[in-house]
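The sequence and structure are shown first.

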Amino acid sequence: MLLTGPSGSGKSSLAARSGLPVLRLDDFYKEATDPTLPLVDGSSDIDWDSPLSWDADTAVAAIAELCAAGRTEVPVYSIASSSRTGTETLDIDRTPLFIAEGIFAADIAARCQELGLLADAICLRGRPSTTFRRRFLRDLREGRKSVPFLLRRGYRLMRAERGIVARHVALGAHACARDEALGRLAAAAAGRHRTPTAI
């Protein structure tokens, strides 16, 4: 199960509420020293909201290994320092369904479907102003980046939010609010898969 949506849309909270094992796709970010990291147009800021800032191949490999073996080694990533700080083992035992959650989840939906690994792909959506507030307070509380950076990024993402959701839908995710997303999670957990048809 892939769970995506704009940063601050409530993905992590929803995943935790589901009770299912969770693979944090944000842990597959590239490190700040990676020369392939993209920049925000007209700025020296790294564009952490671009899929090019993320290691999709390693994320798909981890999903495939979880589906085949029930466990995999995953990186532990510090957003504050933009670096990997170690690895840990994610073991889902015999659980038939897990959530792979992150802002780039929709970018691997087609690959997961081709590999026969996709139960559903959901994109959480809500009010851009609400998402902005949640994201800013979370990032400030966790000390993710400097306040000026968080504000620049926050306003940019708020203006772009509807386009972000539309892009995720075009990549195969179903856009919905929290309650519908919980229903789709429950249906997938019960074996009533809703593989996206828009991919």
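**The largest nonpolar core**

The largest nonpolar core has 35 residues, of which Leu2, Leu23, Leu25, Phe28, Ile63 and Ile108 touch the most other members. A nonpolar core is a set of buried Ala, Val, Leu, Ile, Met, Phe, Trp, Tyr and Cys residues joined through side-chain atoms within 4.5 Å; buried means under 20% relative accessible area with a 1.4 Å probe, protein chains only. At least two residues of this core come from each of helix H2 (56-69), strand E3 (71-78), helix H3 (109-114), strand E6 (121-124) and helix H5 (147-170). Helices (H or I, at least four residues) and strands (E, at least two) are DSSP runs, numbered from the N terminus. H2 provides the largest share, five residues.

The model is predicted: local features need pLDDT of at least 70 and side-chain atom pairs count only at pLDDT 80 or more, while totals for chains, interfaces and linings use all residues. Residues are numbered from 1 along each chain as its sequence is written, and side-chain values use heavy atoms, with hydrogens and water left out.

Not counting residues up to four places away in sequence, Ile63 is in contact (heavy atoms within 4.5 Å) with Leu2, Leu23, Leu25, Phe98, Ala100, Ile108, Cys112 and Leu117. Another core, of 15 residues, lies apart from the largest one and includes Leu3, Ile122, Cys176 and Leu182.

**Packing of H4 and H5**

The axes of H4 (residues 128-141) and H5, lines fitted to C-alpha atoms over the stretch in contact, come within 9 Å and cross at roughly 155°. H4 is therefore roughly antiparallel to H5, a term for angles over 145 degrees.

Conventions:
Buried < 20%, exposed > 50% of the residue type's maximum accessible area, 1.4 Å probe, protein only. Axes fitted to C-alpha atoms, helices over the stretch in contact; angles between N-to-C directions. Parallel < 35°, antiparallel > 145°, perpendicular 65-115°, else oblique.
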